[in-house]
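This report goes from single residues to the whole chain. Please look over the sequence and the structure before reading on.

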Amino acid sequence: MANTALPSRASIAGRLDDLPFTRRHLRLLTGSGVGWALDAMDVGLISFILAALTQQWGLTKTDAGWIASVGFIGMALGATLGGLLADRLGRRQVFALTLLIYGIATGASALVGGLAALLVLRFLVGLGLGAELPVASTYVSEFAPARIRGRLIVILEAFWALGWTAAALIGFFVIPASDDGWRWAFALGAIPAVYALIVRWGLPESPRWLASRGRIAEADRIVSTFEADAGVEPGPAIRREPVSRAIAVTTRARLTTLWNAEFRVRTLCLWIVWLCVNFAYYGAFIWIPSILVDAGFDLVRSFGFTLIITLAQLPGYAVAAWLIEVWGRRTTLSVFLIGSAVSAVFFGTSTTEAAIIASGMALSFFNLGAWGALYAVTPEIYPTSLRGTGSGWAAGVGRIASIVAPLAVPVILVAGGAPVLFAVFGACFVAAAAAAWGLVDRRGVALDDR
């Protein structure tokens with residue numbers, strides 16, 4: 001008689017948490033990280049392209065603001081829909097779809113001849129990339145062993161620094177080289193998407209998601225490959241599939257459950273953090289090259305300063321990756337947000353080259369470390385059946401602020417200049433630091449597999 005033993009959802013979760021870090025984890029981390037880097041490269045490139053197109057096309061500040069904001073409108077829609085689809089269809093399929101949309105729209109952007117076409121394509125690029133980040137962090141967190149889960153998510157987020165650095169290098173060397181430099185920048189942004197799409201199809205589906213859908217045997221096969229890679233013997237199987245523990249099984253139920261008594265405080269605080277951090281980050285970093293040009297620095301020098309400032313992102317991630325498993329999620333997040341607030345005020349009041357670079361590097365260090373901690377904590381605070389939805393909606397709501405920020409920056413600059421603008425950003429970081437204490441800290445604790 002055939003052995004029909006199947007492991008339970010609980011045993012699958014426990015086996016994932018007990019694994020050491022393996023080559024399969026590394027492949028999964030880097031395969032997801034490439035898409036993360038693409039998102040950063042796209043957002044970074046548009047900040048340099050805006051500065052170039054403003055001069056070449058004679059764009060107004062409002063036109064330039066809309067080029068940035070329309071991408072974030074797409075990201076807001078992509079994040080909310082992507083999270084819902086990831087809970088319904090699986091993590092891997094949504095990954096591939098987002099990269100396909102991104103690659104086509106970015107490549108087409110290199111061929112546009114006017115503002116209207118660029119706005120349409122920027123929206124489509126945002127739609128693809130918007131779903132990328134919350135789904136990627138959810139996906140990696142569901143594979144990561146509990147004791148290093150936060151650290152792996154911060155390392156995943158560190159791919160953002162690689163993408164932004166690539167954008168800064170392209171901005172410095174390619175965009176100023178000719179009138180078509182911005183077109184080559186878009187073309188270069190589309191090439192890695194082909195590679196990332198291939199890699200994504202080679203990644204496994206999340207066993208936690210499969211188990212939540214009752215596909216226990218498939219989940220068991222995937223976990224077994226990780227155990228074999230680590231030389232770990234799986235535990236004894238359980239002879240019947242347990243009743244599903246999912247607390248939400250429909251799209252409507254997932255959305256309403258985010259606001260029930262158990263989750264409403266963490267959802268509210270999470271949305272506040274995402275709103276504040278998005279407004280301050282995108283308001284600052286999208287406009288820094290243009291602000292420096294307005295301050296009297298030429299295009300190449302402005303891009304050079306931005307490249308140096310960008311390099312401080314990697315040590316910010318490295319320190320956050322270490323502290324998040326030492327201090328915990330909330331403390332690390334709030335400390336880096338306060339550091340961001342102080343750095344923003346200093347950057348806004350700096351007048352010398354040395355002060356601009358030093359305060360900009362500090363802002364880059366603390367702000368990106370805070371992003372790493374935020375992406376680590378976001379998927380952890382929700383159970384498996386609504387993890388993608390919760391993460392996606394938090395990111396989508398945050399994108400509202402990133403839509404507003406590029407449009408608000410010119411208005412604030414006219415009203416009070418850079419000191420007032422960066423004081424506003426500092427206040428946003430402080431508000432986010434306070435809201436972070438309403439989140440649940442699950443350092444070293446198994447994910448909720450309901």
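Leaving aside its neighbours within four places in sequence, which residues is Q313 in contact with? They are W160, A161, W164, Y281, S364 and L368. Contact here means heavy atoms within 4.5 Å.

A word on the basis. This is a predicted model, in which local features need pLDDT of at least 70, side-chain atom pairs count only at pLDDT 80 or more, and totals for chains, interfaces and linings use all residues. Residues are numbered from 1 along each chain as its sequence is written, and side-chain values use heavy atoms, with hydrogens and water left out.

**Overall build**

The chain has 18 helices and zero strands. Both are DSSP runs, numbered from the N terminus: helices are H or I with at least four residues, strands are E with at least two. The radius of gyration is 22 Å, close to the 22 Å that the globule rule gives for 450 residues, so the chain is as compact as a globular protein of that length. That radius is taken over C-alpha atoms, and the rule is 2.2 Å times the number of residues to the power 0.38. Along the principal axes, the C-alpha atoms fill a box of roughly 80 × 45 × 40 Å.

Of the 450 residues, 59% are buried. Buried means under 20% relative accessible area, exposed over 50%, and partly exposed in between, with a 1.4 Å probe and protein chains only. Among contacts with a separation of 6 or more, 86% join residues 24 or more positions apart.

The chain exposes about 16100 Å², and carbon and sulfur atoms supply 69% of it. Accessible areas come from the Shrake-Rupley method with a 1.4 Å probe; for residues, only the protein chains shown count as cover. There are 34 positive and 27 negative charges, and their mean positions are 7 Å apart. Lys and Arg count as positive, Asp and Glu as negative; His and the chain ends are not counted. Each charge is placed at NZ of Lys, CZ of Arg, CG of Asp or CD of Glu.

**The nonpolar core**

The largest nonpolar core holds 143 residues. Such a core is a set of buried Ala, Val, Leu, Ile, Met, Phe, Trp, Tyr and Cys residues joined through side-chain atoms within 4.5 Å. The members that touch the most others are I49, W160, I286, L333, W371, F422 and F425. Helix α18 (residues 387–435) gives the most to this core, with 17 residues.

Take F425. Beyond four places in sequence, F425 is in contact with F279, A280, G283, A284, A344 and V409.

| Residue | Helix | Relative accessible area |
|---|---|---|
| G33 | α2 (residues 23–56) | 0% |
| A185 | α8 (residues 181–201) | 0% |
| T257 | α11 (residues 251–257) | 9% |
| Q313 | α15 (residues 313–323) | 0% |
| A395 | α18 | 2% |

The contacts below leave out residues up to four places away in sequence.

Q313 counts as buried because its relative accessibility is 0%. Q313 and S364 are 51 residues apart in sequence, yet 5.3 Å apart in space, C-alpha to C-alpha. S364 is also one of the contacts of Q313.

G33 is in contact with L156 and F159. Its C-alpha atom is separated by 8.1 Å from that of A136, 103 residues apart along the chain.

A185 is in contact with L45, I49, I170, V174 and I175. Among these, I49 is also among the core members that touch the most others.

T257 touches I247, A248, F263 and L386.

A395 touches A79, P134 and W274. A395 and G417 are 22 residues apart in sequence and 29 Å apart in space, C-alpha to C-alpha.
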